Amino acid sequence: MPSLNTIFLNLLLPVILAVIFFRSSALTTLRDGVKPLFIHNRLESNDTVAAGTAGQVAQAIDAFLSPNFLLSLVLSAVSVYVVVYLYQVFFVPLNWSRDEGDVGYILDDRGGMSKMDVANEMRRRRRMGDIPPVFPNGWFALFRSFQVQKEPRYISALGHELVVYRGETGQAFIVDAYCPHLGANLGVGGQVRGDCIECPFHGWTFRGDDGKCVKIPYAEKVPDFAKIRSWPCLERNGEIFVWHHAEGAEPSWTPPEVEEITSGKMRYHGITEHVINAHVEEVPENGADIAHLGHLHKPIMFLGRDLRVIYNLFWSFAKHEWQGTWDIDEENKHTGVLTLRHQCTIYGIPLPLMSITAEAVQVGPGLVHLVIHHWLFGDAILVHTITPIEPLKQRLTHCCWSRSFPRFAAKLILFSECLQVERDMMVWNHKTYLSKPVLVKEDSLIAKHRRWYSQFYSENSPRYTEKRMEMSW
Ligand code: FES
Ligand SMILES: [Fe+2]
């Protein structure tokens, strides 16, 4: 079944275009000029017809090039553009995906360097500092539910090569990507058989829930040791999560279900996706760093994301104002809560439509539920996920849901958050990690957050060793 979007763009849009086109006065002239040609063809001699034809063609070309016709054409194009634009704003969910290097780097004055070159050069030159282990213990989102259908999906995350697939019963499974037989990648040509996955190389077949090999097509017996690692998998709120633990411990908590999302009461309003070059802990630590809200996120969002231009004093009459505090949820020690109040002011006068209160519930190291309360539009929830795809490279997504927010308002919230996060990205992509930062009393929540977050590291949590080439002359 095609989506409403597709129907609109493929059927309604050409119809609208055609109606506007044929109603233009210049075309009426053109149409009337051509019609007698066919009528007179049957009545007049060849010479008369030739003369008449030449005249009518010239008339048609004149009509075609007349200012009236060109003006109508331009107006038609502008009308179509406006209609499509308004449709996109009011009806289509936001889909904002940025690749590594797209944002958060300084791209000017680097003649001949691509965005990726700039990002890679910065990664090479940068001193990461005395960073904590790179893959914490917890639940991490690998895919959105709709992305995993019949075909198994290969993904590299948390220092492992994984395959996510959906069995024929609809249940999602996560197993190691490499087949224990001769190492083929199950995510490249592997076939789903029941709730098992069959290797594309020799057809060994593994059960999704425990990884046991259940079939070797050419062997009499399947040995007990023939098995693949199967990972704890949880599908929740439209995301597929994997449980990662350095010691292989079983999950001690699970991400909470948002009943309004899973029951379909809340509408999906879009997603933003970014790749960040930083240690995974830098991102949630932002929630306890209250002081940065009043500086980095103070300049009005229309100034954009580039830190070199947002601190423009000319525009300082318009700003975002924040108040917040962060604390640990004593009943769920893996949870921290940032309580926020935000307003937008012009010359100190608040704009009521831009005022919100919010709670950002940080559930473990890889998930945040940001619940926004707006006095007019009601509640919305932004689900943030962060997943380490390499030791110092994170995939960050923000997904917006709401029952009562109109689409344009939900998209505005999502987009403005995305712009604000892109300011953070410019800091994260270039900063170093200080294990002993110089803090003042007002920064105490940062130290508290670090102590809290340390519960997600254990003895065998993988560490990153920075290897630098020393050059001596
Ligand atoms: S490599 Fe998978 S069955 Fe041989
Ligand atoms: Fe921030």
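How do strand 3 and strand 4 pair, and over how many bridges? In this predicted model, strand 3 (residues 153-157) and strand 4 (residues 160-166) pair in the antiparallel sense over 5 bridges. Within this pairing, Arg153 has Val164 of strand 4 as its bridge partner. The hairpin formed by strand 3 and strand 4 has 2 residues between the strands, and Leu158 takes a positive phi near 55° there.

**Overall composition**

The protein contains 11 helices and 20 strands. Of its 473 residues, 28% are buried. Among contacts between residues at least 6 apart in sequence, 58% join residues at least 24 apart.

The UniProt record, an unreviewed entry, places the feature "transmembrane region" at residues 69-90. In the model, that span is 100% helix and 0% strand, and its end C-alpha atoms lie 31 Å apart.

One open sheet is formed by 3 strands in the order 2-12-11, with antiparallel pairing. Strand 2 (138-144) and strand 11 (233-236) stand at its edges; each has a single partner strand, so one side of each is left without a neighbour in the sheet. From one strand to the next, the twist in this sheet averages 30°. Strand 2 pairs with strand 12 (residues 239-244) in the antiparallel sense over 6 bridges, and Arg144 stands opposite Glu239 of strand 12.

Another open sheet consists of 4 strands in the order 6-7-8-9, again with antiparallel pairing. Its edge strands are strand 6 (191-193) and strand 9 (213-215), each of which pairs on one side only. The twist here averages 35° from one strand to the next. Strand 6 and strand 7 (residues 196-198) pair in the antiparallel sense over 3 bridges, with Gln191 standing opposite Glu198 of strand 7.

In a regular strand, side chains alternate between the two faces of the sheet.

| Strand pair | Sense | Bridges |
|---|---|---|
| Strand 2 and strand 12 | antiparallel | 6 bridges |
| Strand 3 and strand 4 | antiparallel | 5 bridges |
| Strand 6 and strand 7 | antiparallel | 3 bridges |

**Positive phi in two loops**

Asn237 lies in the loop between strand 11 and strand 12. Its phi is near 50°, a positive value in a residue other than glycine. Is Asn237 buried or exposed? Asn237 has 24 other C-beta atoms within 10 Å and is therefore buried, the cut-off for a buried residue being 20 or more.

Tyr347 is located in the loop between strand 15 and strand 16 (349-350). Although Tyr347 is not a glycine, it has a positive phi of about 50°. With 7 other C-beta atoms within 10 Å, Tyr347 is exposed, since a residue with 12 or fewer counts as exposed.

**Helix 11 and its surroundings**

Which residues of helix 11 (residues 444-453) are buried? They are Leu445, His449, Trp452 and Tyr453. Viewed down the axis of helix 11, these buried residues fall within an arc of 90°, so they line one face of the helix. On the other side of helix 11, Ser444, Ala447 and Arg451 are exposed. The elements covering the buried residues of helix 11 include helix 7 (282-288), helix 8 (290-293), strand 14 (318-328) and strand 15 (335-346).

Key. Residues are numbered from 1 along each chain as its sequence is written. Chains are lettered from A and ligands numbered from 1 in the order in which they are written. This is a predicted model: local features need pLDDT of at least 70, side-chain atom pairs count only at pLDDT 80 or more; totals for chains, interfaces and linings use all residues. The arc is that of the directions from the helix axis to the C-beta atoms. Two residues are in contact if their C-beta atoms, placed from the backbone, lie within 7 Å. Two strands pair if DSSP finds at least two bridges between them. Axes are lines fitted to C-alpha atoms, for helices over the stretch in contact, and angles run from 0 to 180 degrees between N-to-C directions. UniProt positions are given in the numbering used here, feature names are shortened, and annotations may be inferred rather than shown by experiment.
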